[in-house]
Amino acid sequence: MTIRVLIADDQMMVREGFSVLLNAMPDIEVVGEAVNGRQAVERVRELAPDVVLMDIRMPEMNGIEATREIVASDGVSKVLVLTTFDLDEYVYQALRAGASGFLLKDASARQLADGVRVVASGEALLAPTVTRRLITEFSRMAQTPRLSAAVQAQQYGELTERETEVLVLIAQGLSNAEIASHLVVAESTIKTHVSRVLVKLGLRDRTQAAVFAYEARLVTPG
């Protein structure tokens, strides 16, 4: 199946460069472009792409607001945030808004294509070391309040003990294979646990699960 991509960036050279790189891949097709967040939202409604490459800093509507609208109204298109720095102060906010991960703008053609494939498959594009560093850093900086005790009890109280354990390990940046090894179970079993965690908590992917775990204080920064 061909992965349909929309590129949202206010810099024409970035859009054109990414389009050339992605269209060169046999399994990826760039179906549209947007020059700001508002146009990105509109184009997603028109084109229903599988993945949106979303710049954060754009005029009219920034990438965070656009991501929030796309995730809330679309439910199908995955958002892969583009950033210049791996510790961009807005990345954490974008993840909270529903982005499935982030990619540096200086990524190689292979990294770009692989990132699109990973997000399209429903996985989160955050390497373990990046997950730990980024979420730990920005959970300290986030201005929004943590989940209340009542909300925590209601939301993750439905998880089994093993599912809660898996959620904590996801937040620590472990892959399914690493979690399986840690818990001494089959990787397929972990995949089942992850799926159940996402369904019970109403989350889209592993990135959202990691953010949830930090905000619910199941995992603490540091």
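Buried means under 20% relative accessible area, exposed over 50%, and partly exposed in between, with a 1.4 Å probe and protein chains only. Keep those classes in mind for each stop.

This is a predicted model, in which local features need pLDDT of at least 70 and side-chain atom pairs count only at pLDDT 80 or more, while totals for chains, interfaces and linings use all residues. Residues are numbered from 1 along each chain as its sequence is written, and side-chain values use heavy atoms, leaving out hydrogens and water.

**Whole chain**

Show the protein chain as a cartoon. It has 11 helices and 5 strands. These are DSSP runs, numbered from the N terminus: H or I of at least four residues for helices, E of at least two for strands. Of the 222 residues, 49% are buried. Switch to a surface. The chain exposes about 10500 Å², and carbon and sulfur atoms supply 52% of that; the areas come from the Shrake-Rupley method with a 1.4 Å probe. Now consider contacts, meaning heavy atoms within 4.5 Å. Among those between residues at least 6 apart in sequence, 68% join residues at least 24 apart.

**Stop 1: Ile-7**

Select Ile-7, in strand β1 (residues 3-8). Its relative accessibility is 0%, so Ile-7 counts as buried. Leaving aside neighbours within four places in sequence, the contacts of Ile-7 include Arg-15, Phe-18, Leu-22, Val-30 and Leu-53.

**Stop 2: two positive phi values**

Go to Ala-48, in the loop between α2 (37-47) and β3 (51-55). Its phi is positive, about 45°, although Ala-48 is not a glycine. At 43% relative accessibility, Ala-48 is partly exposed.

Next, pick Val-184, in the loop between α9 (176-183) and α10 (187-201). Phi of Val-184 is near 55°, again positive in a residue other than glycine. Buried or exposed is Val-184? With a relative accessible area of 70%, Val-184 is exposed.

**Stop 3: α8 against α11**

Select residues 161-171 (α8) and 206-215 (α11). These helices pack at an angle of about 100°, with axes 8 Å apart. That makes α8 roughly perpendicular to α11, a class that covers 65 to 115 degrees. Axes are lines fitted to C-alpha atoms over the stretch in contact, and angles run from 0 to 180 degrees between N-to-C directions.

Show side chains. From α8, Leu-167, Ile-170 and Ala-171 make the contact; from α11, Arg-206, Ala-209, Ala-210, Phe-212, Ala-213 and Tyr-214 do. They divide into 8 nonpolar, no polar and 1 charged.

Methods
Angles under 35 degrees count as roughly parallel, over 145 as roughly antiparallel, 65 to 115 as roughly perpendicular and the rest as oblique. Ala, Val, Leu, Ile, Met, Phe, Trp, Tyr, Cys and Pro count as nonpolar, Asp, Glu, Lys and Arg as charged, and the others, Gly among them, as polar.
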